[in-house]
Amino acid sequence: MNARVLEADLLDYLADKYQSDDLRPLKEAVNEHADHLDKPLPAWLRALEAQNTIPTPLMQQLKSDVMELLKNLQGGRKY
C-alpha cells in the first residue's frame, strides 16, 4: 500500500467519523483535502491550522484523531 492510498483511506475514515459525530467543519475540511490530495497530510494539517478557519478545539481533535489512527496502524490494529 502506498502513502497516497493510506492517506485517502485515513481521510475517508475521518470524514465518516465526523459526519456521524455531526462535526461539519472537520468533515468538510477532510473531504476537501481528500478530493485534491495536493499536499502531504502533515503539510495540509499545518496549512489548515495556519488558516485559522477551524475552531482550535476542533483542530486539536483532528490532529489527535490523525495521531491515534497512525499509532493504531503502527500497532497493527484493524478497524
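# A guided tour of the salt bridges, core and pocket

Select Asp-21 and Lys-17 to begin: their side chains form a salt bridge, with N and O 3.2 Å apart. The term denotes a side-chain nitrogen of Lys or Arg within 4 Å of a carboxyl oxygen of Asp or Glu. The model is predicted, so local features need pLDDT of at least 70 and side-chain atom pairs count only at pLDDT 80 or more, whereas totals for chains, interfaces and linings use all residues. Residues are numbered from 1 along each chain as its sequence is written, and side-chain values use heavy atoms, with hydrogens and water left out.

Colour this pair by accessibility. Asp-21 is partly exposed at a relative accessible area of 39%, and Lys-17 is also partly exposed, at 24%. Here buried means under 20% relative accessible area, exposed over 50%, and partly exposed in between (1.4 Å probe, protein chains only).

**The other salt bridges**

The structure holds 3 salt bridges. Next, select Glu-28 and Arg-24, whose closest N and O atoms are 3.1 Å apart in a salt bridge. Both residues belong to helix H2 and are 4 residues apart, about one turn of the helix. Helices (H or I, at least four residues) and strands (E, at least two) are DSSP runs, numbered from the N terminus. Arg-24 is exposed, with a relative accessible area of 60%, while Glu-28 is partly exposed at 45%.

Then move to Lys-63 and Glu-49, where a salt bridge joins the side chains at 2.9 Å, N to O. Lys-63 sits in helix H4 and Glu-49 in helix H3, so this pair ties together parts that are 14 residues apart in sequence. Both are partly exposed: Lys-63 has a relative accessible area of 24% and Glu-49 one of 34%.

Asn-52 is exposed, with a relative accessible area of 59%.

**The nonpolar core**

Now select Leu-14, Val-30, Trp-44 and Leu-62, which touch the most other members of the 20-residue largest nonpolar core. Helix H1 (3–20), H2, H3 and helix H4 (56–75) each give two or more residues to this core. Such a core is a set of buried Ala, Val, Leu, Ile, Met, Phe, Trp, Tyr and Cys residues joined through side-chain atoms within 4.5 Å.

Centre the view on Leu-14. Apart from neighbours within four places in sequence, Leu-14 is in contact (heavy atoms within 4.5 Å) with Val-30, Leu-62, Asp-65, Val-66 and Leu-69.

**The largest pocket**

Finish at the largest pocket, whose volume is about 280 Å³. Of its 14 lining residues, Ala-29, Glu-32, Trp-44, Leu-48 and Gln-51 are the closest to its centre. A pocket is an open set of points on a 1 Å grid over the protein atoms alone, where a 1.4 Å probe fits, with protein on both sides within 12 Å along at least five of seven lines; lining residues have an atom within 4 Å of a point. The volume is the space filled by probe spheres set on the points.

Helix H2 (24–36) and helix H3 (41–51) each supply at least two lining residues, and H2 gives the most, with 6. By class, the lining has 6 nonpolar, 4 polar and 4 charged residues.

Technical notes:
Nonpolar A, V, L, I, M, F, W, Y, C, P; charged D, E, K, R; others polar.
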